[in-house]
Amino acid sequence: MANYQELAQLVWNVADDVLRNLFKQHEYGDITLPFLVLRRLDCILDEDRRKEEAIKAYNQFKDQVDEESLPPIITNKINTNFYNTSKYDLSRLSDDPNNVYLNFKNYINGFSQNVTDIIENFNLDRFIDRLHTNDRLYIFCDKFTEVDLHPNEVDNRTMGLVFEELLRRFSEMSNETSGEHYTPRDVVQLLVSLLFAEHSEELRGEGIVRSIFDPCCGTGGMLTIGKKYFHEQINSKATVRLLGQELNAQTYAICKSDMLIIGEDPDNIRHGSSLSKDQFQGERFDYMITNPPFGVSWKSDADAVEADGKTANGRFSVGTPRSSDGALLFLQHMLSKMEDNGSRVGIVFNGSPLFTGDAGSGESDIRKWIIENDWLECIVALPEKLFFNTSIGTYIWILTNKKSAARQGKIQLINAVDFHADMKRNLGNKNALISDTHIHQIVKLYTNFEETEHCKIYPNEFFGYTKVTVERPLVDEETGGIITDRQGNPKPDTALRDYERVPLSEDIDDYYQREVKPHVSDSWLDKKKNKVGYEINFNKYFYQYTPLRSLKEIADEILTLEQKSEDLLNEVLEL
């Protein structure tokens with residue numbers, strides 16, 4: 001079998017040779033990846049004369065059955081999930097250099113709808129015209145025929161590695177946008193390792209079927225790495241279904257292409273917003289993983305989200321976050337798809353979902369819903385500068401509706417900010433790498449489930465509080481008397497109104513008598529305004545106090561520095 005790195009380099013060289021000076025480097029992937037897909041599909045159809053058989057079946061049945069019935073007849077005849085009924089492929093295009101543009105159009109139009117959908121979302125036409133106008137379409141097609149991607153030379157696994165390697169390289173060439181749809185592989189590897197860490201034994205044996213779903217799947221890296229981990233670390237014989245939805249058209253095309261060329265079902269990758277147009281409505285999944293966009297507005301989905309939130313059991317009925325950041329909506333969407341017999345969810349967040357929003361806000365109500373249902377299992381604080389387009393701190397949340405007995409009613413926090421290696425060169429903002437050794441260390445902290453310097457375990461209620469309203473009487477400025485209502489109750493002075501956060505573990509009245517009443521003797525609590533909130537102040541739990549240095553220590557250091565300065569000055573004067 002061919003070496004995936006050598007194949008990737010060959011394709012890279014083709015792109016660089018033909019596209020240089022005509023396209024910007026960050027555009028290379030937009031052109032090369034769809035051509036790589038086309039070449040792979042050609043090679044698959046070349047096996048066992050599938051292309052000829054597809055054309056024969058098409059001509060035989062096109063006038064006998066309706067258009068919708070034709071595709072399954074052809075795919076059954078040639079034993080694939082796609083086909084092409086044009087007489088052209090990339091090799092045959094090379095036979096007629098003078099008409100390559102028209103023949104290329106004929107070739108593309110000959111594909112089955114699932115491939116046509118991919119090509120259309122790649123928006124390849126805008127590049128084909130430029131290639132043709134500059135006399136490079138023919139040579140680009142011809143060069144790709146030198147890349148042998150026949151299944152007997154390149155199996156599905158190797159093909160997936162070639163695609164992934166090229167995707168990584170092209171993404172690195174466009175660091176300013178790559179983070180929008182490309183999650184670094186070290187982060188994904190850690191996420192899937194945590195997701196499957198404690199559940200390997202129950203997944204062994206014959207007949208195991210599981211699903212992995214990503215609601216904003218990008219180029220599909222989380223899905224393919226998740227399946228790879230499952231097969232290599234848990235059960236190589238299991239059937240693992242990959243399903244995902246992606247909003248960005250080109251990224252959707254890349255993901256669907258990857259699924260097609262590695263033998264997955266491309267129809268399980270669907271296009272559109274998971275928030276406003278759920279393409280998997282009513283479906284449930286065993287494992288769900290995602291890296292939703294950080295700090296991105298969901299205003300374009302607002303009508304659908306708000307309508308859903310008004311229904312009794314809607315995905316967003318417990319509340320919605322502020323319109324400037326929709327990350328928590330994706331988590332709500334995933335939690336709505338948990339299987340009754342247990343699902344596991346892994347999601348990457350920035351710090352905002354941990355603490356944004358006071359009691360009664362959408363964010364706090366979402367946290368309250370999650371924690372009081374005992375779904376939040378673990379949060380891992382990741383090193384900074386892990387992503388291509390941001391250097392901010394990020395967190396992995398692991399959730400499940402089937403906690404082990406030991407974890408029930410508890411939340412584990414792991415501080416892994418120092419578990420990384422520095423990279424030799426930056427890739428955009430990324431200069432930190434979570435190595436395999438670090439992943440092993442973090443997963444061990446998770447599975448040991450014991451408090452250490454880097455691991456804390458708290459009961460669910462530890463993160464909750466009641467926000468109480470402390471009122472003080474409205475005083476008449478002239479008489480100094482307290483103003484009352486018709487029932488004789490003192491009116492509150494809104495200017496003096498204050499609030500206290502009482503931990504759920506404490507009695508509210510006891511707290512008030514101890515912490516408030518001694519300092520504000522004329523105050524009272526308006527318990528009708530009590531609101532329960534939840535927040536996770538991660539850094540606070542791992543804060544380590546560093547004592548201030550003594551004055552003597554500082555003075556001694558200053559004297560030492562002065563002595564060194566004097567010695568250096570003397571050396572200079574002696575010269």
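In the predicted model, 30 salt bridges are present. One of them pairs K227 with E264, with the closest N and O atoms 2.3 Å apart. Because K227 belongs to helix α13 (residues 221–234) and E264 to the loop between α14 (249–261) and β3 (269–271), this pair ties together parts that are 37 residues apart in sequence. K227 is buried, its relative accessibility being 17%. E264 is likewise buried, at a relative accessible area of 12%.

A salt bridge also joins D374 and K403, for which the closest N and O atoms lie 2.6 Å apart. Distant parts of the chain are linked by this pair: D374 is in the loop between α18 (362–372) and β6 (376–381), K403 is in the loop between β7 (394–400) and β8 (410–415), and the two residues are 29 apart. With a relative accessible area of 8%, K403 falls under the 20% limit and therefore counts as buried.

In a further salt bridge, the side chains of R514 and E515 meet at 3.0 Å, N to O. Salt bridges with shared partners connect D358, K467, R501 and E535 into one network. Both members of the R514–E515 pair are partly exposed, R514 at 42% relative accessibility and E515 at 37%.

Negative charge gathers in a surface patch made up of E562, E566, D567 and E571. Of these residues, E571 is placed in helix α22 (residues 551–574) and is partly exposed, with a relative accessible area of 48%. Over the protein, the mean positions of the 65 positive and 93 negative charges are separated by 3 Å.

The protein contains 22 helices and 15 strands. Its C-alpha trace spans about 100 × 90 × 55 Å along the principal axes. The accessible surface amounts to about 28,300 Å², and carbon and sulfur atoms account for 45% of this area. Of the 575 residues, 50% count as buried. Among contacts between residues at least 6 apart in sequence, 77% join residues at least 24 apart.

Helix α16 (residues 327–335) is largely enclosed by the rest of the structure, because nine of its nine residues are buried. The buried residues of α16 include F330, Q332, H333 and M334.

T116 is located in helix α7 (residues 113–122) and is buried, at 16% relative accessible area. When residues up to four places away in sequence are not counted, T116 touches I108 and F111. Between T116 and S171, the separation is 55 residues in sequence and 24 Å in space, C-alpha to C-alpha.

How values were computed. Residues numbered from 1 in each chain as written. Predicted model: local features only at pLDDT ≥ 70, side-chain atom pairs only at ≥ 80, totals over all residues. Heavy atoms only, no water. Patch = residues over 30% accessible without salt bridge, like charges linked within 9 Å, V, L, I, M, F, W, Y side chains within 5 Å. Areas by Shrake-Rupley, 256 points an atom, 1.4 Å probe, with all protein chains shown as cover. Salt bridge = Lys/Arg side-chain N within 4 Å of Asp/Glu carboxyl O. Lys, Arg positive; Asp, Glu negative; His and termini not counted. Charge placed at Lys NZ, Arg CZ, Asp CG, Glu CD. Helix = DSSP H or I, 4+ residues; strand = E, 2+ residues; numbered from the N terminus. Buried < 20%, exposed > 50% of the residue type's maximum accessible area, 1.4 Å probe, protein only. Contact = heavy atoms within 4.5 Å.
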